[in-house]
Amino acid sequence: MASLLKKFTYQTKVYYEDTDAGGIVYYANYLKYFERARTELIYSLGYSHKELSEKFNVNIVVHKFSITYKKSFKFEDKVTIETFVGKVSNLRIEMIQNALRDKDLVAEAAVELVIIDDTGKPKIIPQDLKEKLNSCI
């Protein structure tokens, strides 16, 4: 499915603080790489999470997250996160994300995001943001 979708790419590298004593990235830190990539995708569409919250009373939060580790990142590896928007509805956004070292798949994830207001209740995504996310499909 992901190969048919438009790709958003975010790059970083593995810092010492990301690793365990053996120089291998601690498993939970992959979540940070994926989150940063999703945030950069929102920025690339002309929004920030702060603006969405303050201007529209909209927060995008993780509802489901599934990750499969294929290999490990190590200290000072270059990390590329590919993000593919799969489906956008009024309340949900589905994405597929791949973590790569060069062209080698290290981990893959599926994430379902939901839109809520400041009280935690479901909220409809702003139409402009929905259209911009749909343009990524």
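Trainee: Leaving aside neighbours within four places in sequence, which residues is Lys13 in contact with?

Mentor: Lys13 touches Asp18, Tyr33, Asp77, Lys78 and Val79. Contact here means heavy atoms within 4.5 Å. Keep in mind that this is a predicted model.

Trainee: Where does Lys13 sit, and why is it called partly exposed?

Mentor: Lys13 belongs to strand E1. Its relative accessible area is 38%. Buried needs under 20% and exposed needs over 50%, so a value in between is partly exposed.

Trainee: What makes E1 and E2 the edge strands?

Mentor: Look at the order of the five strands: E1-E3-E4-E5-E2, in an open sheet with antiparallel pairing. Strand E1 (8-13) and strand E2 (59-69) each have a single partner strand, so one side of each has no neighbour in the sheet. On average, neighbouring strands of this sheet are turned by 25° against each other, direction ignored.

Trainee: How do you know that E4 and E5 pair?

Mentor: Count the bridges. Pairing requires at least two. Strand E4 (residues 92-101) and strand E5 (residues 104-116) have 10 bridges, in the antiparallel sense. Leu100 stands opposite Leu105 in E5.

Trainee: Which strands does helix H3 touch?

Mentor: Helix H3 (residues 127-134) packs on the sheet and touches E2, E3 (78-88) and E4. The direction of H3 makes about 115° with that of E3.

Trainee: What makes Glu82 and Lys7 a salt bridge?

Mentor: The closest N and O atoms of Glu82 and Lys7 are 3.5 Å apart. The cut-off is 4 Å, so the pair qualifies. A search of the whole structure finds eight salt bridges.

Trainee: What does the Glu82 and Lys7 pair tie together?

Mentor: Glu82 lies in strand E3 and Lys7 in the segment before E1, so the pair ties together parts that are 75 residues apart in sequence.

Trainee: Why is Glu82 called buried?

Mentor: Glu82 has 15% relative accessibility. Buried means under 20%, so the word applies.

Trainee: How far apart are the closest N and O atoms of Arg38 and Glu35?

Mentor: They are 2.5 Å apart, and the two residues form a salt bridge. Arg38 and Glu35 are three residues apart in helix H1, so about one helical turn separates them.

Trainee: Why are Lys71 and Asp104 called partly exposed?

Mentor: Lys71 has a relative accessible area of 39%. Asp104 has 29% relative accessibility.

Trainee: Which residues form the nonpolar patch on the surface?

Mentor: Tyr26, Tyr27 and Tyr69, with about 340 Å² of accessible area together. Tyr27 is in the loop between E1 and helix H1 (29-44).

Methods. Residues numbered from 1 in each chain as written. Predicted model: local features only at pLDDT ≥ 70, side-chain atom pairs only at ≥ 80, totals over all residues. Heavy atoms only, no water. Helix = DSSP H or I, 4+ residues; strand = E, 2+ residues; numbered from the N terminus. Axes fitted to C-alpha atoms, helices over the stretch in contact; angles between N-to-C directions. Patch = residues over 30% accessible without salt bridge, like charges linked within 9 Å, V, L, I, M, F, W, Y side chains within 5 Å. Areas by Shrake-Rupley, 256 points an atom, 1.4 Å probe, with all protein chains shown as cover. Salt bridge = Lys/Arg side-chain N within 4 Å of Asp/Glu carboxyl O. Buried < 20%, exposed > 50% of the residue type's maximum accessible area, 1.4 Å probe, protein only.
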